[in-house]
Amino acid sequence: MKQTLFGLAVILGALYILLWPLHPYPLSYVLKASPVLLLAVVAWLQYRNAEISLRAAWLYALAMLTSAAGDVFLDFDRSLYLKQALAAFLLAQLSYIALLWPLRQSRRGDALRAGLPALFAAFLLCQFYPNTGALWWPVLIYVLCLWGMAVLALRSGNRWIAGGGVLFMLADSLIGVNRFWLPFEHSTPVIVSIYISAQLLLGYGLLLAADSPLLKAATCRQKSTVESAPAR
(Lines give C-alpha, C1' and ligand atoms only; values in the text may rest on other atoms or scores of the structure.)
Protein backbone atom coordinates (compact mmCIF):
# COMPACT_ATOMS: atom_id res chain seq x y z
CA MET A 1 0.00 0.00 0.00
CA LYS A 2 2.76 2.46 0.95
CA GLN A 3 4.73 1.74 -2.20
CA THR A 4 1.54 2.08 -4.27
CA LEU A 5 0.78 5.49 -2.79
CA PHE A 6 4.35 6.62 -3.37
CA GLY A 7 4.17 5.43 -6.97
CA LEU A 8 0.90 7.32 -7.40
CA ALA A 9 2.57 10.46 -6.02
CA VAL A 10 5.31 10.08 -8.64
CA ILE A 11 2.74 9.67 -11.42
CA LEU A 12 0.64 12.66 -10.33
CA GLY A 13 3.72 14.85 -10.02
CA ALA A 14 4.82 13.90 -13.52
CA LEU A 15 1.28 14.47 -14.81
CA TYR A 16 1.21 18.01 -13.41
CA ILE A 17 4.45 18.80 -15.22
CA LEU A 18 3.24 17.25 -18.49
CA LEU A 19 -0.01 19.22 -18.34
CA TRP A 20 1.72 22.54 -17.69
CA PRO A 21 1.25 23.76 -21.31
CA LEU A 22 -2.53 23.60 -20.63
CA HIS A 23 -2.31 25.66 -17.43
CA PRO A 24 -4.54 27.14 -16.11
CA TYR A 25 -7.11 24.35 -16.15
CA PRO A 26 -9.77 23.32 -13.62
CA LEU A 27 -8.44 21.95 -10.32
CA SER A 28 -4.79 22.24 -11.38
CA TYR A 29 -3.97 23.23 -7.79
CA VAL A 30 -5.41 19.92 -6.55
CA LEU A 31 -3.19 17.98 -8.92
CA LYS A 32 -0.14 19.97 -7.88
CA ALA A 33 -0.73 19.39 -4.17
CA SER A 34 -1.63 15.71 -4.56
CA PRO A 35 1.93 14.25 -4.43
CA VAL A 36 2.82 15.80 -1.08
CA LEU A 37 -0.59 14.98 0.39
CA LEU A 38 -0.09 11.33 -0.61
CA LEU A 39 3.33 11.40 1.05
CA ALA A 40 1.65 12.62 4.25
CA VAL A 41 -0.65 9.58 4.08
CA VAL A 42 2.39 7.31 3.64
CA ALA A 43 3.93 8.81 6.79
CA TRP A 44 0.74 8.13 8.74
CA LEU A 45 0.66 4.52 7.52
CA GLN A 46 4.28 4.12 8.57
CA TYR A 47 3.37 5.33 12.04
CA ARG A 48 0.36 3.00 12.21
CA ASN A 49 2.70 0.13 11.36
CA ALA A 50 5.13 1.26 14.08
CA GLU A 51 7.78 1.96 11.42
CA ILE A 52 8.34 5.58 12.52
CA SER A 53 7.60 7.51 15.71
CA LEU A 54 4.52 9.67 16.27
CA ARG A 55 6.78 12.75 16.45
CA ALA A 56 8.34 11.96 13.07
CA ALA A 57 4.95 11.26 11.51
CA TRP A 58 3.49 14.55 12.76
CA LEU A 59 6.49 16.63 11.70
CA TYR A 60 6.62 15.06 8.26
CA ALA A 61 2.86 15.40 7.80
CA LEU A 62 3.10 19.06 8.83
CA ALA A 63 5.87 19.60 6.28
CA MET A 64 3.68 18.05 3.60
CA LEU A 65 0.50 19.93 4.53
CA THR A 66 2.26 23.29 4.58
CA SER A 67 4.02 22.39 1.33
CA ALA A 68 0.61 21.62 -0.17
CA ALA A 69 -0.62 25.05 0.92
CA GLY A 70 2.41 26.67 -0.71
CA ASP A 71 1.79 24.63 -3.86
CA VAL A 72 -1.78 25.89 -4.06
CA PHE A 73 -0.76 29.53 -3.60
CA LEU A 74 1.88 29.30 -6.30
CA ASP A 75 -0.46 27.51 -8.66
CA PHE A 76 -3.01 30.31 -8.34
CA ASP A 77 -0.51 33.12 -8.98
CA ARG A 78 3.26 32.96 -8.42
CA SER A 79 3.52 36.75 -8.02
CA LEU A 80 0.28 37.75 -6.32
CA TYR A 81 0.48 35.04 -3.63
CA LEU A 82 4.26 34.89 -3.21
CA LYS A 83 4.09 36.12 0.41
CA GLN A 84 1.56 33.47 1.37
CA ALA A 85 3.55 30.76 -0.40
CA LEU A 86 6.73 31.95 1.33
CA ALA A 87 5.04 31.69 4.73
CA ALA A 88 3.71 28.21 3.99
CA PHE A 89 7.05 26.89 2.77
CA LEU A 90 8.81 28.51 5.74
CA LEU A 91 6.69 26.32 8.02
CA ALA A 92 7.59 23.34 5.84
CA GLN A 93 11.30 24.12 6.18
CA LEU A 94 11.00 24.48 9.96
CA SER A 95 9.19 21.13 10.12
CA TYR A 96 11.92 19.50 8.05
CA ILE A 97 14.59 21.05 10.31
CA ALA A 98 12.90 19.69 13.44
CA LEU A 99 12.56 16.28 11.78
CA LEU A 100 16.14 16.10 10.48
CA TRP A 101 17.91 17.57 13.52
CA PRO A 102 18.00 14.31 15.56
CA LEU A 103 19.13 12.39 12.45
CA ARG A 104 22.29 14.42 11.82
CA GLN A 105 25.59 12.56 11.79
CA SER A 106 29.08 13.87 12.43
CA ARG A 107 31.46 12.90 9.65
CA ARG A 108 34.47 14.20 7.84
CA GLY A 109 33.54 16.99 5.46
CA ASP A 110 30.74 18.46 7.60
CA ALA A 111 32.31 21.92 7.32
CA LEU A 112 32.24 21.61 3.55
CA ARG A 113 28.63 20.40 3.61
CA ALA A 114 27.65 23.48 5.57
CA GLY A 115 30.02 25.92 3.89
CA LEU A 116 29.17 25.36 0.24
CA PRO A 117 25.39 25.84 0.68
CA ALA A 118 26.15 28.89 2.87
CA LEU A 119 28.27 30.47 0.14
CA PHE A 120 25.57 29.71 -2.41
CA ALA A 121 22.89 31.26 -0.19
CA ALA A 122 25.02 34.34 0.53
CA PHE A 123 25.68 34.87 -3.17
CA LEU A 124 21.98 34.66 -4.00
CA LEU A 125 21.00 37.03 -1.20
CA CYS A 126 23.49 39.60 -2.51
CA GLN A 127 21.86 39.35 -5.94
CA PHE A 128 18.31 39.45 -4.57
CA TYR A 129 18.78 42.38 -2.19
CA PRO A 130 18.38 45.30 -4.65
CA ASN A 131 14.99 44.02 -5.84
CA THR A 132 13.36 42.51 -2.75
CA GLY A 133 12.09 45.77 -1.22
CA ALA A 134 9.72 45.05 1.65
CA LEU A 135 10.26 41.31 1.15
CA TRP A 136 13.93 41.47 2.13
CA TRP A 137 13.55 40.24 5.71
CA PRO A 138 11.10 37.43 4.89
CA VAL A 139 13.38 36.34 2.03
CA LEU A 140 16.44 36.46 4.31
CA ILE A 141 14.76 34.38 7.03
CA TYR A 142 13.47 31.89 4.48
CA VAL A 143 16.87 31.45 2.80
CA LEU A 144 18.52 30.87 6.19
CA CYS A 145 15.97 28.17 7.04
CA LEU A 146 16.35 26.67 3.57
CA TRP A 147 20.12 26.53 4.10
CA GLY A 148 19.65 24.86 7.50
CA MET A 149 17.35 22.21 6.04
CA ALA A 150 19.75 21.48 3.18
CA VAL A 151 22.72 21.14 5.55
CA LEU A 152 20.82 18.75 7.84
CA ALA A 153 19.74 16.73 4.81
CA LEU A 154 23.37 16.47 3.72
CA ARG A 155 24.33 15.35 7.23
CA SER A 156 21.61 12.67 7.42
CA GLY A 157 23.87 9.95 6.01
CA ASN A 158 21.18 9.04 3.48
CA ARG A 159 21.80 9.76 -0.21
CA TRP A 160 18.09 10.13 -1.01
CA ILE A 161 17.54 12.69 1.74
CA ALA A 162 20.74 14.51 0.82
CA GLY A 163 19.73 14.68 -2.84
CA GLY A 164 16.25 15.87 -1.93
CA GLY A 165 17.58 18.61 0.33
CA VAL A 166 19.94 19.91 -2.35
CA LEU A 167 17.20 19.89 -5.00
CA PHE A 168 14.78 21.64 -2.65
CA MET A 169 17.31 24.40 -2.08
CA LEU A 170 17.91 24.64 -5.81
CA ALA A 171 14.20 24.82 -6.67
CA ASP A 172 13.43 27.55 -4.14
CA SER A 173 16.58 29.43 -5.11
CA LEU A 174 15.40 29.47 -8.71
CA ILE A 175 12.10 30.99 -7.58
CA GLY A 176 14.13 33.84 -6.10
CA VAL A 177 16.34 34.09 -9.16
CA ASN A 178 13.32 34.34 -11.44
CA ARG A 179 11.50 36.81 -9.16
CA PHE A 180 14.31 39.05 -7.89
CA TRP A 181 17.29 38.73 -10.20
CA LEU A 182 17.22 37.11 -13.65
CA PRO A 183 13.80 36.08 -14.97
CA PHE A 184 14.17 33.14 -17.35
CA GLU A 185 11.95 31.43 -19.88
CA HIS A 186 9.97 28.33 -18.87
CA SER A 187 10.85 29.02 -15.23
CA THR A 188 7.73 27.44 -13.76
CA PRO A 189 7.96 23.94 -15.31
CA VAL A 190 11.70 23.85 -14.58
CA ILE A 191 11.26 24.88 -10.95
CA VAL A 192 8.26 22.63 -10.36
CA SER A 193 10.06 19.63 -11.86
CA ILE A 194 13.00 20.13 -9.49
CA TYR A 195 10.73 20.81 -6.51
CA ILE A 196 8.57 17.71 -7.00
CA SER A 197 11.70 15.59 -7.46
CA ALA A 198 13.05 17.03 -4.20
CA GLN A 199 9.92 16.18 -2.24
CA LEU A 200 9.82 12.65 -3.66
CA LEU A 201 13.49 12.03 -2.87
CA LEU A 202 13.06 13.32 0.67
CA GLY A 203 9.92 11.24 1.12
CA TYR A 204 11.54 8.07 -0.18
CA GLY A 205 14.67 8.57 1.90
CA LEU A 206 12.74 9.28 5.09
CA LEU A 207 9.85 6.83 4.78
CA LEU A 208 10.66 3.95 2.46
CA ALA A 209 14.39 3.50 1.82
CA ALA A 210 16.01 0.51 3.46
CA ASP A 211 18.61 2.80 5.03
CA SER A 212 16.10 5.39 6.22
CA PRO A 213 17.33 6.94 9.49
CA LEU A 214 13.72 7.19 10.70
CA LEU A 215 13.14 3.48 10.16
CA LYS A 216 16.46 2.64 11.81
CA ALA A 217 15.57 4.78 14.83
CA ALA A 218 12.21 3.02 15.20
CA THR A 219 13.90 -0.39 14.98
CA CYS A 220 16.40 0.60 17.66
CA ARG A 221 13.59 1.75 19.96
CA GLN A 222 11.72 -1.52 19.47
CA LYS A 223 14.85 -3.58 20.25
CA SER A 224 15.53 -1.47 23.33
CA THR A 225 11.96 -1.98 24.54
CA VAL A 226 12.18 -5.74 24.04
CA GLU A 227 15.54 -6.01 25.79
CA SER A 228 14.42 -3.90 28.72
CA ALA A 229 11.19 -5.85 29.20
CA PRO A 230 11.31 -8.03 32.36
CA ALA A 231 11.70 -11.75 31.76
CA ARG A 232 8.70 -13.89 32.65
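These questions and answers concern cavities, helix packing and one loop in a predicted model.

Visitor: How many cavities of 30 Å³ or more does the structure hold, and what is the volume of the largest cavity?
Guide: The predicted model holds three cavities of 30 Å³ or more. The largest cavity has a volume of about 240 Å³.

Visitor: Which residues lie nearest the centre of the largest cavity?
Guide: The lining of the largest cavity consists of 18 residues. Those nearest its centre are Leu 86, Tyr 142, Asp 172, Ile 175 and Gly 176.

Visitor: Which helix gives the most to the lining of the largest cavity?
Guide: Two or more lining residues come from each of helix H4 (82–100), helix H5 (110–132), helix H6 (136–154) and helix H7 (159–181). With six residues, the element that gives the most is H7.

Visitor: How many nonpolar, polar and charged residues does the lining of the largest cavity have?
Guide: Tyr counts as nonpolar and Gly as polar in this division. On that basis the lining of the largest cavity has one charged residue, two polar and 15 nonpolar.

Visitor: Which helix gives the most to the lining of the second largest cavity?
Guide: The second largest cavity has a volume of about 60 Å³. Helix H3 (54–76), H7 and helix H8 (187–208) each supply at least two residues of its lining. The most, three residues, come from H8.

Visitor: How many charged residues are in the lining of the second largest cavity?
Guide: The residues lining this cavity are Lys 32, Asp 71, Leu 74, Arg 78, Phe 89, Asp 172, Ile 175, Ile 191, Val 192 and Tyr 195. Asp, Lys and Arg count as charged. The lining divides into six nonpolar residues, no polar ones and, as charged residues, four.

Visitor: Are H4 and H6 roughly parallel or roughly antiparallel to each other?
Guide: Two packed helices are described by the angle between their axes and the distance between the axes. The axes of H4 and H6 come within 9 Å and cross at roughly 30°, and H4 passes H6 in a left-handed crossing. Angles under 35 degrees count as roughly parallel. H4 and H6 are therefore roughly parallel.

Visitor: How many nonpolar, polar and charged residues does the contact of H4 with H6 have?
Guide: From H4, the contact includes Leu 86, Phe 89, Leu 90 and Gln 93. From H6, it includes Pro 138, Val 139, Tyr 142 and Gly 148. By class the contact has no charged residues, two polar and 16 nonpolar.

Visitor: Are H3 and H4 roughly parallel or roughly antiparallel to each other?
Guide: H3 and H4 pack with their axes 8 Å apart, at an angle of about 160°. Their crossing is left-handed, and the residues of the contact divide into 17 nonpolar, five polar and two charged. Angles over 145 degrees count as roughly antiparallel. H3 and H4 are therefore roughly antiparallel.

Visitor: Which two residues does a cis peptide bond join?
Guide: Most residues other than glycine have a negative phi, and most peptide bonds are trans. Pro 24 is in the loop between helix H1 (2–18) and helix H2 (28–48). With omega about 5°, the residues joined by a cis peptide bond are His 23 and Pro 24.

Visitor: What is phi of Leu 27?
Guide: Leu 27 lies in the loop between H1 and H2. Its phi is a positive value in a residue other than glycine, near 65°.

Technical notes
Residues are numbered from 1 along each chain as its sequence is written. This is a predicted model: local features need pLDDT of at least 70, side-chain atom pairs count only at pLDDT 80 or more; totals for chains, interfaces and linings use all residues. Side-chain values use heavy atoms; hydrogens and water are left out. On a 1 Å grid over the protein atoms alone, a cavity is a set of points where a 1.4 Å probe fits but cannot get out, and a pocket is an open set with protein on both sides within 12 Å along at least five of seven lines; lining residues have an atom within 4 Å of a point. Grid points are joined across faces, edges and corners, and a volume is the space filled by probe spheres set on the points. Helices (H or I, at least four residues) and strands (E, at least two) are DSSP runs, numbered from the N terminus. Axes are lines fitted to C-alpha atoms, for helices over the stretch in contact, and angles run from 0 to 180 degrees between N-to-C directions. Angles under 35 degrees count as roughly parallel, over 145 as roughly antiparallel, 65 to 115 as roughly perpendicular and the rest as oblique. A crossing is left-handed if the near helix is turned anticlockwise from the far one by less than a right angle, and right-handed if clockwise. Contact means heavy atoms within 4.5 Å.
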